[in-house]
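Let's take a friendly walk through a protein model. Have a look at the picture first, and then we will go through its parts one by one.

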Amino acid sequence: MGAAPAVEFEHARRASLRYLNLFRLVIAGLFLVAGRELGLGSENPSVFRLAALGYLGAVLALGFPDAMRRFGSERVILLQVVVDVLALSAIMWVSGGYRSGMPVLMMVVLAGAGLVFAGRMVLFFAALATLAVLLENAWRLAAGRQSVEFFQVGLFCAGFFGIALVARLLALRAQANASLAAERGEALANQQAVNEHIIRDLPDGVIVVDAGGRIRQANPRAVELLGMAPAAAEALEGRVLVELDAAFGPALSRAGAEDGGEAEAGAGTLQAAVPGRMLRSTVSGRLLRCRAVAGASASAAAGDTLLYLTDFEDIQRQLQQIKLAALGRLTASIAHEIRNPLSAVIQAAELLGEERRQEVQARLVRIINDNAQRIERMVRDVLALGRREQALPEALALAAFVRELVEARVFRNAAEHAVYAVDIDPALTLAIDRAHLHQILDNLLANACRHGSGAPASVRLWAQALPGERVAVHVCDDGPGLDEAARAHLFEPFFTTHPKGTGLGLYIARELAEANDATLELAASGAGADFMLTGRITP
């Protein structure tokens, strides 16, 4: 048993002992004051008064806390129970024996001893009481006084052992429960301390608001984002958040509407988070991203709302740094990639000026033309990447958009129309910028045609509705697919598995998808490649 559980159990034992001592004091006083009126001591009143007075004195002497400090609690309890048995036996001897009711009081004492005494001495107490009752009844039988059947007395004495054992087992059970409760309380306190430490050190602000809109708790980061001094954290508790900063009104209203209108997300204490929204604090002037989570209606957190605050300006600064670093790497890569075809163009041009054979001149012109086109495609892709920030999402009807895109691709060769197999529900829409979706699908279809077999229906376009008002568009081919090494670098700039590819198509497609809050990934498939574009149905 740990230190804390042991202290808790000792406190409970001391409380039980105080009640037992109070019972002794009442019984001893009753014997002394009204014993004769109750019919006790009729066979020898002098001995009865002496026994009652001695019992009261012993109860008072051993009941004081000083006795336990001097002799130890176990010794004092042992002595108290022995005195109880002897005093009650003496009173029983001068009060008519078994019929005086003293064995019942012995049973109460034994039950109390089983609760407060630690150890197996409770059996000794039961044996002592049994011996006293049997000897007293035997003395009465030998002296020719009114005695009781030994079978009846024996049954009652068996009850002494039963009461003592049951009381002892209950005490052990209570001790085990107290120990378990104390250990769990200690673990809960530790967990609460860890949680408070985590919340205090979170990079995001956290505010807990009750059903009345009053702040219950706020971490230091939230206080900072609200534009208040750290010392004002405690002063925030109990204040109405909307009165402090009216910008939080819409977020709280929306969380309340979700709380009352949607089913719970699970058996936990919190519902699904309401999507974050931007707000500008009227106190600090900071642009914040606020995400609200309402407490589940059937949990202890019902009515509470948890607000997560993120400094969006900090995020923008970090993104800007990341973009600048990525731009530096991209510029270096572009310079490296352009240098190769440009060197080929220069070398071919020099040879063309010296060469007089027609067939060699034609070959050199073709080399110049191919490398110039490669540079042109690279410049075009980089320009498309620059239009990433100009996204204007709208709910596009997927079936009609894809049909127009495919017809534009097969305009010069109608026979290629059979290569594409389109299966899209006309009711499905995708929230995305029109030009960006055209660029994404055009890149994906170009890849599919490049790696597919070219047979009818070798390139499939299909779409499916997803939970959460989202939709996924698949572009699949029947080509050889991609191995694990190629999958790992598929969306990196300038990674290509085709000799005439620039390695920018998939990278730009993913960048454009993310600019529209959509995702582009390569789905797991048995054969060929399956690119999946996932986004919202409506903006």
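## Strands and helices side by side

Here, contact means heavy atoms within 4.5 Å. With that in mind, and remembering that this is a predicted model, find helix α15 (residues 434-451), which lies across β7, β9, β10, β11 and β12 and runs at about 30 degrees to β10. Helix α14 (residues 398-409) lies across β7, β9 (459-466) and β10 (470-477), at about 170 degrees to β7.

The 5 strands form an open sheet with mixed pairing, in the order β7-β9-β10-β12-β11. Its edge strands are β7 (420-423) and β11 (519-523), each of which pairs on one side only. On average, neighbouring strands of this sheet are turned by 20 degrees against each other, direction ignored. Strand β11 runs antiparallel to β12 (residues 530-536), and 5 bridges join the two. Within this pair, glutamate 521 has methionine 532 in β12 as its bridge partner.

## An enclosed strand

Now move to strand β4 (residues 287-294). Why can β4 be called largely enclosed by the rest of the structure? The reason is that 6 of its 8 residues are buried, and buried means under 20% relative accessible area. Strand β4 is joined by 7 bridges to β5 (residues 305-311), and the two run antiparallel. Valine 293, for example, has leucine 306 in β5 as its bridge partner.

## Charged partners

Side chains of opposite charge can pair when their charged atoms come close. How many salt bridges does the structure hold? There are 15 salt bridges. One of them joins aspartate 517 and arginine 536, whose closest N and O atoms are 2.3 Å apart. Aspartate 517 sits in the loop between α17 (505-515) and β11 while arginine 536 is in strand β12, so this pair ties together parts that are 19 residues apart in sequence.

Arginine 140 and glutamate 136 also meet in a salt bridge (2.4 Å, N to O). Because they are 4 residues apart in helix α6 (residues 121-143), about one helical turn separates them. Are these two buried or exposed? Both arginine 140 and glutamate 136 are buried. They also belong to a network of salt bridges that links Glu43, Glu136, Arg140 and Arg145.

Finally, look for Leu22, Leu25, Val26, Leu60 and Phe64, which make a nonpolar surface patch of about 460 Å². Helix α1 (residues 3-34) gives the largest share of the patch, 3 residues. Valine 26 is found in helix α1.

Methods:
Residues are numbered from 1 along each chain as its sequence is written. This is a predicted model: local features need pLDDT of at least 70, side-chain atom pairs count only at pLDDT 80 or more; totals for chains, interfaces and linings use all residues. Side-chain values use heavy atoms; hydrogens and water are left out. Buried means under 20% relative accessible area, exposed over 50%, partly exposed in between (1.4 Å probe, protein chains only). Two strands pair if DSSP finds at least two bridges between them. Patches are made of residues with over 30% relative accessible area and no salt bridge: like charges are joined within 9 Å, nonpolar side chains (Val, Leu, Ile, Met, Phe, Trp, Tyr) within 5 Å. Accessible areas come from the Shrake-Rupley method with a 1.4 Å probe; for residues, only the protein chains shown count as cover. A salt bridge is a side-chain nitrogen of Lys or Arg within 4 Å of a carboxyl oxygen of Asp or Glu. Axes are lines fitted to C-alpha atoms, for helices over the stretch in contact, and angles run from 0 to 180 degrees between N-to-C directions.
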